Amino acid sequence: YRHFNGDIDEVSIWKIALTSAQVNSIMNNPTSVTGTSYNASGLLGFWNFDNKTANDLTACHDNGIVGSGVTLPVELISFTGKNNKNEVELKKEYPWMKEVSKFVIQSARLDLQTAYSNFYASLKKVKKGQKVGFPKFKKKGQKNSYREYLTNNNIDVIIEKRKVKLPKLGLVCFRDSRLVFNGSIKLATISRTKTGKFFVSILYEQELELDGIELNDNLKVVGLDMSLEKFFVDSSGNSPAYERLYRKHEKELSRLQKKVSKKKLGSNNRKKAQLRVNKIHEEIANSRRDFTQKLSTKLIRENDVVVVENLSLKGMSQALKLGKSVMDLGYSHFVAQLKYKALWNNRIFIEADKWFASSKTCSLCGFKKDLLLQEREWECPNCGRKHNRDHNAGINLRNYGLKELGLGQPDIKPVEKTTADNEESSYQVASMKQEAPRSLAEE
């Protein structure tokens, strides 16, 4: 039958091995049967199929080889090596695997199955989105992490003693400012950063009781237009105190990375030099995360409805040659934080249509004008209103949200002056101390 082999872009004929019991099961049971098969490369494929062509299986022989003319509707489940061994057999062969719990090995196997499923779904164009490549081994030193699943209370958090209980590790001290954990533990992910810091991320299952929000004219609605210079400009013309974190450390990173390149591969001196680079990247990531967490919390607290654009940041970074500036924003993480915080706190989050012309549309009369990227201010040829590009987009996004809620578009009062760059913003973030993730309702 036709099936994908171990190569990425080839489809070939595989021979499928069936036992007599499997043949009888297929002939007698018109549901589904699973089995195994090998290709020329020695890869083992797990397969299953619905018995819609049972008559074709009369070509099977006692030795289990299907004739070349037989075609079966087959769906790939996963791939693994020909010498497929379970966890018990692997631990006998490699005693060091007993140092970790069984869930670590099982989760790695599940990840492998997911990786192959995504790859073949992408190859057959069943999976939408970016093309998924052939699975690669997890490189040591890149993503040092593993998962543990809850069973027989093997994972627990003791808040009073600031200790977390983990399989094979026992009680481990931790630092966290939270006083209460609500919900039931499902799993824990233990990870080590490139600077040698260890973290445990615990997944909780918690029921949220949401009262909903009453739609009326008193709702506080804000529209946010992304800006490479100011992070965003809202419908009132305000912007946060944004700092370009990567640009700030760019020269220092360049100097240290040159030093790394001159060190011998595998040497301790190279590891020390790379550690200095990793610490700067970690500082940038922590500062950016702190900024977006506090800013998103402030917006959700102060507004009932938040409206943003649906942007393809990767496309913008590639098409406009602004990759470094776009990625330095961390805007996609900011939008994701707005989404879940709005859900947790009875707020409404609206994402405008991808093709909504927020910048090109006059917020007073609705006239659309083609604009170049460098045109930051423009005058409407229809009504004569002068617009700041980003402020105008923020107003249009706010009006978009009101229309989506069925509250109509309010009258837009003339704006003589937008917020100046040197004016004090209402989105000032006082400190850059990392804030522990917590429910806004508890804060």
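These legends walk you through close-up views of one predicted model.

Residues are numbered from 1 along each chain as its sequence is written. Because the model is predicted, local features need pLDDT of at least 70 and side-chain atom pairs count only at pLDDT 80 or more, while totals for chains, interfaces and linings use all residues; side-chain values use heavy atoms, leaving out hydrogens and water.

**View 1. Strand S13 is largely enclosed by the rest of the structure.**
Seven of its seven residues are buried, so the rest of the structure largely encloses S13. Here buried means under 20% relative accessible area, exposed means over 50%, and partly exposed lies in between, using a 1.4 Å probe and protein chains only. Look at both faces: Val221, Gly223, Asp225 and Ser227 are buried on one side, and Val222, Leu224 and Met226 on the other.

**View 2. S13 pairs with strands S15 and S14.**
Strands of a sheet pair through backbone hydrogen bonds, in a parallel or an antiparallel way. Two strands count as paired if DSSP finds at least two bridges between them. S13 runs parallel to strand S15 (residues 305–308), joined by four bridges, and you can find Val222 opposite Val306 of S15. With strand S14 (residues 231–234), the pairing is antiparallel, again over four bridges. Met226 has Phe232 in S14 as its bridge partner, and three residues lie between S13 and S14 in this hairpin.

**View 3. Three strands make an open antiparallel sheet.**
Follow the order S7-S11-S12 across this sheet. Strand S7 (144–149) and strand S12 (198–205) are at the edges with a single partner strand each, so one side of each has no neighbour in the sheet. From one strand to the next, the twist averages 20 degrees (axes are lines fitted to C-alpha atoms, for helices over the stretch in contact, with angles from 0 to 180 degrees between N-to-C directions). Eight antiparallel bridges link strand S11 (residues 184–192) to S12, and Ala188 has Ile202 of S12 as its bridge partner.

Which residues of H8 are buried? They are Tyr331, Phe334, Val335, Gln337, Leu338, Lys341 and Ala342. Just after H8, find Asn346, with a positive phi of about 55 degrees.

Notes:
Helix = DSSP H or I, 4+ residues; strand = E, 2+ residues; numbered from the N terminus.
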